[in-house]
Amino acid sequence: MKPVGKLIIIGGAVNKGSFSETDYDQNVEKNLNFFERGILRKIITESKNKENSVIEVITTASQIPQIVGSEYKKAFEFLGAKNVNILDIHNREEANSDAIVARANAADVVMFTGGDQLRLTSILGGTRFHDAILLKYQEQDFIYSGTSAGAAAASENMIYQGSSSEALLKGEIKTTQGLGLIDNVIVDTHFVQRGRIGRLFQAVVNNPRTLGIGLGEDTGLFIHNDTMTAVGSGLVIIVDGRFIKDTNLTNINLGEPISIDNLTVHVMSMNDHYDLTTRKLTIENSQFNPIPQT
């Protein structure tokens with residue numbers, strides 16, 4: 001059954017602006033710089049109650065939760081959101097508490113910040129809070145949004161470790177279970193800026209059924225009804241391994257380079273669509289679209 005809810009996953013460093021300056025409201029052009037028509041605005045406009053939606057900013061992955069949470073709260077509020085809260089869950093006992101579960105059940109949107117995705121899954125995985133989020137996503141008009149670690153953890157399997165420069169050496173990436181909101185994909189973040197294409201190639205060649213998604217910074221995907229739409233200012237890389245013809249993966253030792261024949265790669269930008277059922281990309285501004293008759 002298709003989930004009723006929506007996913008918005010972001011590659012990190014979302015251009016939300018910095019509110020650390022005391023005069024940010026007088027110098028919006030200089031100090032804010034959030035992508036007004038992009039990611040944070042998309043979260044609000046797609047949410048159940050728009051500016052009146054209850055948004056919980058989950059800072060569990062971060063080592064500086066007070067700073068990160070405050071930045072997102074101010075950014076959302078600047079865009080008109082009226083009910084933004086910060087929820088910093090420190091341990092599994094809190095994640096199983098009645099108070100935290102009640103906040104999850106009352107939320108229209110959860111926004112998972114960046115940080116360490118293994119910290120996120122090890123604290124929240126299998127808790128009552130996690131179960132509440134999964135149920136709401138399956139059955140209600142609810143948004144799970146996440147940036148960086150929050151995006152990487154959204155899928156059933158996630159990358160949690162691996163060198164960018166040596167990612168196409170066998171065994172150089174480590175994966176584990178994520179939060180499980182979307183199956184048969186694996187997400188990598190800060191993708192273009194940190195040169196992580198090799199990490200995604202290896203994740204896909206390990207199991208070609210898995211669709212690799214690489215999210216650039218200030219770039220994300222809006223996922224609903226098996227359609228992914230690119231949002232933000234950068235690039236999304238899609239890696240499809242279904243048509244791989246050959247690889248040396250099982251015949252080499254750990255640490256040796258991996259060869260792959262016929263790996264399919266797509267590049268998406270703002271408003272392009274990718275159908276998860278048919279595995280087809282539609283480029284919104286295609287040069288081959290018919291020219292309207294005047």
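A: What follows starts with aspartate 88 and then moves out to the rest of the chain.

The model is predicted, so local features need pLDDT of at least 70 and side-chain atom pairs count only at pLDDT 80 or more, while totals for chains, interfaces and linings use all residues. Residues are numbered from 1 along each chain as its sequence is written, and side-chain values use heavy atoms, with hydrogens and water left out.

Aspartate 88 sits in the loop that runs between β3 (83-87) and α4 (92-95); helices (H or I, at least four residues) and strands (E, at least two) are DSSP runs numbered from the N terminus. The residue is buried but has no salt bridge. Buried means under 20% relative accessible area, exposed over 50%, and partly exposed in between, with a 1.4 Å probe and protein chains only. A salt bridge is a side-chain nitrogen of Lys or Arg within 4 Å of a carboxyl oxygen of Asp or Glu. For aspartate 88, the nearest side chain of opposite charge belongs to arginine 119, 5.5 Å away; Lys and Arg count as positive, Asp and Glu as negative, and His and the chain ends are not counted.

Polar contacts are present, however. The side chain of aspartate 88 makes one with the side chain of threonine 59 at 3.1 Å, and another, of 2.8 Å, with that of histidine 90. Such a contact is a pair of N or O atoms within 3.5 Å; within protein, one must be able to donate a hydrogen and the other to accept it, and residues adjacent in sequence count only if both atoms are side-chain atoms. Apart from neighbours within four places in sequence, aspartate 88 is in contact (heavy atoms within 4.5 Å) with Thr59, Thr60, Pro65 and Glu94.

One joins its side chain to that of arginine 242 (2.9 Å, N to O), a residue that is partly exposed with a relative accessible area of 40%. A further one reaches arginine 279, with the closest N and O atoms 2.9 Å apart. Aspartate 240 lies in strand β12 (residues 236-240) and arginine 279 in the loop between β16 (273-275) and β17 (280-282), so this pair ties together parts 39 residues apart in sequence. Arginine 279 is itself buried, at 13%.

The whole structure holds 11 salt bridges. One of them joins lysine 6 and glutamate 46 (3.1 Å, N to O). It links strand β1 (residues 6-10) to helix α2 (residues 39-46), the two residues being 40 apart. Lys6 and Glu46 also belong to a salt-bridge network with Lys42 and Asp141.

As for the chain overall, 49% of its 294 residues count as buried, and its secondary structure comes to nine helices and 17 strands. Among contacts between residues at least 6 apart in sequence, 73% join residues at least 24 apart.

The largest pocket holds about 390 Å³; a pocket is an open set of points on a 1 Å grid over the protein atoms alone, with protein on both sides within 12 Å along at least five of seven lines, and lining residues have an atom within 4 Å of a point. Grid points are joined across faces, edges and corners, and a volume is the space filled by probe spheres set on the points. The pocket has 18 lining residues, with Pro3, Ile182, Asp183, Asp226 and Leu276 nearest its centre.

Definitions and conventions:
1 Å grid on protein atoms, 1.4 Å probe; cavity = no way out; pocket = protein on both sides within 12 Å on 5 of 7 lines; lining within 4 Å.
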